[in-house]
Amino acid sequence: MEPYLDAIKEIKELAKAEEIHRVDDVSIYLERFTDLDLIATGIYAEVYELPGEPDKVVKLCNSKIDGYYLFARWCMRPENQDNPHVPTIHREDSIELSSGRVVRFYVMERLEDITDDGKEPTRPSHFHDYDFGKLWGTLRTMTLPFADPEKPFSDEVQSVDEFVEQIQEPRAHFYMNAAERKPVVIDDEIIDEHEELLKTLFKVLSFIDDHGVMDLHGGNYMLRGDTIVITDPISHKYAN
């Protein structure tokens, strides 16, 4: 943890001295002057290995519309810290740059990709567990309309039972080609197997409903052993 704490201290001092202005400057500093190694990049964040602690990573959130901190703080609530379906987040650090932009760092557990074939998990056939892949496809299709702020999730789905009922409605997945367009039905066995995950997901979606756009693509689920973990279900926050 010491290399990380030293980096945070130095970046704060550089920002206070107005020697770091842009979010890119933070990434450049981490690359050139620390032992943290970049292992993944996304639209809103970068992920670094933490030297000497293979079970942890550092996530740098550097977008002004990034909503990850909302989910992270929800995960860090005492009542959610023992939930196996959300990531363990050990600490949050935030730094305001001289430009006024805020960057946030999270030290969190290291998880594994949900696929075992090297493909991005965006279709059911790409998931390690095909039954969960079908479930994810249904969840993605079902929740996509709720990314519209004019269609609140909580207005139409007010309980876990209603959530499950909608999941089990036969529906054609929006991403399938013409030959595959047939109703997909999620049977009771799949629901029972993933009951605790679905309860957690309902809580997460209910929480972020008023805060941002839902983002349930397959890359935002990962694995802790055989346990499915919801890693980042919100793409960005609303302006208000």
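Colleague: Is Cys-61 buried or exposed in this model?

Modeller: This is a predicted model, so the reply rests on computed values. The relative accessibility of Cys-61 is 3%. Buried means under 20%, so Cys-61 counts as buried.

Colleague: How far is the sulfur of Cys-61 from the closest cysteine sulfur?

Modeller: The closest cysteine sulfur belongs to Cys-75. A disulfide requires sulfur atoms within 2.5 Å, and Cys-75 is in no disulfide. A search of the whole structure likewise finds 0 disulfides. The sulfur of Cys-61 is too far from that of Cys-75 for a bond, at 12 Å.

Colleague: Is α3 parallel, antiparallel, perpendicular or oblique to α8?

Modeller: Two packed helices are described by the angle between their axes and the distance between the axes. The axes of α3 (residues 68-75) and α8 (residues 195-208) come within 11 Å and cross at roughly 130°. That angle makes α3 to α8 oblique.

Colleague: Which residues of α8 does α3 meet, and what classes of residue make up the contact?

Modeller: α3 passes α8 in a right-handed crossing. On the α3 side, the residues are Leu-70, Phe-71 and Trp-74, and in α8 they meet Lys-203, Val-204 and Phe-207. By class, this contact of α3 with α8 has 5 nonpolar, no polar and 1 charged residues.

Colleague: How is α6 oriented relative to α8?

Modeller: Helix α6 (residues 160-167) packs against α8 with the axes 10 Å apart. The angle between α6 and α8 is about 105°. Angles of 65 to 115 degrees fall in one class, so α6 is to α8 roughly perpendicular.

Colleague: Which residues make the contact between α6 and α8, and how many of them are nonpolar?

Modeller: From α6, the contact is made by Val-160, Phe-163 and Ile-167. From α8, Leu-198, Lys-199, Leu-201, Phe-202 and Leu-205 take part. By class there are no polar residues and 1 charged residue, and the number of nonpolar residues is 7.

Colleague: Which elements cover the buried residues of α2?

Modeller: In helix α2 (residues 23-33), the buried residues are Val-23, Asp-25, Val-26, Ser-27, Tyr-29 and Leu-30. What covers these buried residues includes α1 (2-16), β2 (45-49), β3 (56-61) and β5 (102-109).

Colleague: Where is His-126, and which residues does it contact beyond its neighbours within four places in sequence?

Modeller: His-126 is placed in the loop between β6 (112-113) and α4 (130-143). His-126 counts as buried, because its relative accessibility is 16%. Leaving aside neighbours within four places in sequence, the contacts of His-126 are Thr-115, Asp-117, Lys-119, Glu-120 and Pro-121.

Colleague: What is the relative accessible area of Arg-110, and which residues is it in contact with?

Modeller: Arg-110 lies in the loop between β5 and β6. Arg-110 is partly exposed, because its relative accessible area is 32%. Apart from neighbours within four places in sequence, Arg-110 is in contact with Ile-39, Glu-49, Pro-54, Asp-55, Lys-56 and Val-57.

Methods. Residues numbered from 1 in each chain as written. Predicted model: local features only at pLDDT ≥ 70, side-chain atom pairs only at ≥ 80, totals over all residues. Heavy atoms only, no water. Helix = DSSP H or I, 4+ residues; strand = E, 2+ residues; numbered from the N terminus. Buried < 20%, exposed > 50% of the residue type's maximum accessible area, 1.4 Å probe, protein only. Contact = heavy atoms within 4.5 Å. Axes fitted to C-alpha atoms, helices over the stretch in contact; angles between N-to-C directions. Parallel < 35°, antiparallel > 145°, perpendicular 65-115°, else oblique. Left-handed = near helix turned anticlockwise from the far one by under 90°. Nonpolar A, V, L, I, M, F, W, Y, C, P; charged D, E, K, R; others polar.
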